[in-house]
Amino acid sequence: MDHPDKGYEPQDVEKRWYDFWEENNLFAALDNSSAPAYSIVIPPPNVTGVLHMGHALNITLQDILCRHYRLKGYNVLWMPGTDHAGIATQNVVEKQLALNGKTRHQLGREKFIEAVWQWRQNSGSAIIHQLKRLGASCDWKRERFTMDEGLSQAVRKVFVQLHQEGLIYQGDYIINWCHRCHTALSDLEVEHEEIPGNLYHILYPFTDQPGGIIVATTRPETMFGDTAVAINPEDERYRSLPSHTVKLPLTERSLPIIQDEYVGMSFGTGALKVTPAHDPNDFEIGNRHHLPRLKVIDDNGLMTEHAGKFEGMDRFECREAVVQALQEQGLLIKIEPHTHNVGHCYRCKTIVEPNLSKQWFVRAKPLAKKAIEAVQNGQTRIFPEIWAANYFDWLNNIRDWCISRQIWCGHQIPAWTCESCRKMTVALTAPKSCPACGHSVLVQETDVLDTWFSSALWPFSTMGWPQQTELLKTFYPTSTLVTGFDILFFWVARMMMMGIHFMKDVPFKDVYVHALVRDESGKKMSKSKGNVIDPLTIMDQYGTDAFRFTLAAFAAQGRDIRMSEKRVEGYRHFINKLWNASRFALMHVTSDIESVHPDDMTLLNQWILSRSHNVLQTSRDAIETYRFNDAAGILYQFVWHEFCDWYLEAVKPALYGKENDSVQAQTRHILWYVLKNTLTGLHPFIPFVTEEIWHMLPGAEGSIMTATYHHSDISGFGDYTNTNAEEQMAFIFSVITAIRNIRGEMNLSPSLKLKALLQTDQTSLADIIHQHGNIITNLARLENLTVEPVGERPRTAATAIVEGTAIYVPLQGIIDLDKEIQRLEKEIGKLDAELTSVSRKLTNEDFLAKAPADIIEKVREKYAGLSEKHQQIETNLDRIKGFL
């Protein structure tokens, strides 16, 4: 049997065991198996991506689930893959071309797509290597890519079928247009940011009467696309208008005044300029009132011929020129500062323009209906439940989904237009001739599909659909989806819609929505703030296991994680604690089974056996209900405090042969058994160190990944629990803790042997002390322990009470009371000075007004800590004075 090195070095361990797992196919799922199935599809990271904290949390939680269910004996599929990330990938490749002085247009579409694939081959696997660094136990031999041939076939099949069913159509619609990326964006690809702007109050004069209507707008450059002015029919201010038309400023056009209930009476003047080609709400008003649509900003962000003398200007340059012209003509009534939400492209951060465009759309409402019902009736459960409300709200108010993008990187839409008769054909493969006129020249639609269109098929396309594969039969619907809330609508809702429509079943039974990882002050991490923590750096410095355990320990449902290096360092101490405890245990353990019934074991062994079973079952239950922080916390508490601090210390006399041979043999086996169970319980969280220790355990076979939670039967212990043993040991530990506290409060040396007198009238407690007093004597460092009925309190003795039992530690001859009083009074003086200094800060209005919130909070915490310490020392001082 090998013994572990004195210090745990994660860098030496992690690569070795990950390679071992891969070489031995330990991540592989079986297409067919008699074992129950458990499956997860990975949220495919962008092929351009690098590992960030969000990925790290997401992957860690998925890996915990997959490793957990493997240990339960399940056939586990964790399907990996990457997303082609159309706009992002195109931008990366275009930047590479630019370094050589080339553009994609110079290269041509076919050559550009070749360059994209070449880039993916050379650089696109970086994110996969980083996921492996984190310990992800995906079935890598099944890795998919959203543009590989199998998935492309699924995409074409879905597009054609939806088109045939009337659920995909082409039409003019207001879309979000990015002038930098030159493509449409879905509503979800637009990031809204509050920025300061202006509200311009413009006079629209009546055409045939003096006066006019004042309209307030944040975008005066779009006024050339106005085709009406709208008022609310309930607005008293406009009940008796002298005219039904107004003149559009800076033009010779007149506009009708229309009534529409959409118009908000409290915003601006209550009069709305209606620009159907440049605002989604105006577009709907225009449809209701049959208004023309004038596009005044083109796809490059320049003003069109409809802008008159402003034609060719940049949209923002035009805004300034229009404001100046309005001022010159006396039509600009006032300018008000106005902070408003402005949409930006999620990729390049350019301000997007609502624009009229011919695009392809999915008719979403019919698909959304069944996706709503599936969550309502419990086919799919969302954890935490708070996110279900957001899911319902979005789907109940869903708009048709714009799925076409004017870029080259992506799935080219399978639609062809005949050059002769202009009829369009949608088909799985390119038609050789036009079905309508027989002409042989057909041109394919140049637009590609939104990246999220192919991602929406991910749970079933990755398993071979449209073929009815064995993999689909075994693992669809998948068991769990782990995702961030930011793609609940981008991806999760759309997978629900597509999965139900094409597979006639939900794509996953559970959706676990995890929170954000923020910095230690609770702020969102961003490069601009300089507070980004790099997972790769953290893993290099502290080890992957410590990093994973930190993420899990703080992954409370619905609560963001505050990440700091200090927290990871704290859990590295936990990994070292486990390592050192294992080093000690491995010097003593044996897998030889001592044929003893648990009821005949020592109280300590009954206790640790019972606690081990209870803790591991409770932690497993927590994992299966997505309470990862509870599971990690339960295991941490057990390993650090119960197994290491109590059990290993308490059984040293037995292990070192100071008790009889039978107790020694029994204890050595129980130690082996509990360590083995503990390693399997910890493995989903900290896979590397548990694998390393596992291979040093006598009697452990193969990888810990091939173990099961149910190996306990070999020792005949089953799921043994003993509440009575747990209660007795809880009492014993409370007594020991009370004596240790007295030692600390009285500033007594840890090596000093003390005497203790315990008084109780409870026979059951007296019996526990009589029978197991050796544990108390050993761990409390006593030279003498006496138990007697309640009687007279000894003089000059420190006191504690545990469950009605009085504990007395005589201090006569052990402590110089006068010197101790002087020491405590001096300590109180120091604390008084510190408290005065900290208090001055907290009453300094200048400090409170200017200091960052996290600094103020730290000062408050310091004050609270000093106050608590001050109170404790005063209590001790009063107690010692009472001895005189």
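How many nonpolar, polar and charged residues does the lining of the second largest pocket have? By class there are 19 nonpolar, 18 polar and ten charged residues, where Ala, Val, Leu, Ile, Met, Phe, Trp, Tyr, Cys and Pro count as nonpolar, Asp, Glu, Lys and Arg as charged, and the others, Gly among them, as polar.

Before we walk on, a word on the model. This is a predicted model, in which local features need pLDDT of at least 70 and side-chain atom pairs count only at pLDDT 80 or more, while totals for chains, interfaces and linings use all residues. Residues are numbered from 1 along each chain as its sequence is written, and side-chain values use heavy atoms, with hydrogens and water left out.

Let us stay with that pocket. On a 1 Å grid over the protein atoms alone, a pocket is an open set of points with protein on both sides within 12 Å along at least five of seven lines, whereas a cavity is a set of points where a 1.4 Å probe fits but cannot get out; lining residues have an atom within 4 Å of a point. The second largest pocket has a volume of about 1,300 Å³, a volume being the space filled by probe spheres set on the points, which are joined across faces, edges and corners. Its lining has 47 residues, and T218, R219, D279, H340 and N341 lie nearest the centre. Among the elements that give two or more residues to this lining are β5 (168-178), β8 (212-217), α8 (280-289) and β13 (332-345); β7 gives the largest share, eight residues. Helices (H or I, at least four residues) and strands (E, at least two) are DSSP runs, numbered from the N terminus.

The largest cavity has a volume of about 50 Å³, and its lining includes V47, H84, W117, R120 and C409. Helix α5 (residues 109-123) supplies the largest share of that lining, four residues. By class, the lining of the largest cavity divides into seven nonpolar, two polar and one charged. The second largest cavity, with a volume of about 40 Å³, is lined by G86, I87, E189, Y346, R405, I407, L449, D450 and T451. Here the residues divide into four nonpolar, two polar and three charged.

Next, look at how some helices pack. Helix α1 (residues 10-23) and helix α23 (residues 687-694) have axes that come within 9 Å and cross at roughly 80 degrees. Axes are lines fitted to C-alpha atoms, for helices over the stretch in contact, and angles run from 0 to 180 degrees between N-to-C directions. That makes α1 roughly perpendicular to α23 (65 to 115 degrees). Contact (heavy atoms within 4.5 Å) is made by V13, E14, R16, W17, Y18 and W21 of α1 with P687, F688, E691 and E692 of α23. This contact has six nonpolar, no polar and four charged residues.

Helix α7 (residues 149-164) and helix α15 (residues 488-503) also pack at about 80 degrees, with their axes 12 Å apart. V158, Q161 and L162 of α7 meet M498, H501 and F502 of α15, giving four nonpolar, two polar and no charged residues.

Finally, find R572 in helix α18 (residues 565-586). R572 counts as partly exposed because its relative accessibility is 27% (buried is under 20% relative accessible area, exposed over 50%, partly exposed in between, with a 1.4 Å probe and protein chains only). Leaving aside residues up to four places away in sequence, R572 touches Q541, Y542 and A546. The C-alpha atoms of R572 and Y8 are separated by 9.9 Å, although these residues are 564 residues apart along the chain.

How values were computed
Parallel < 35°, antiparallel > 145°, perpendicular 65-115°, else oblique.
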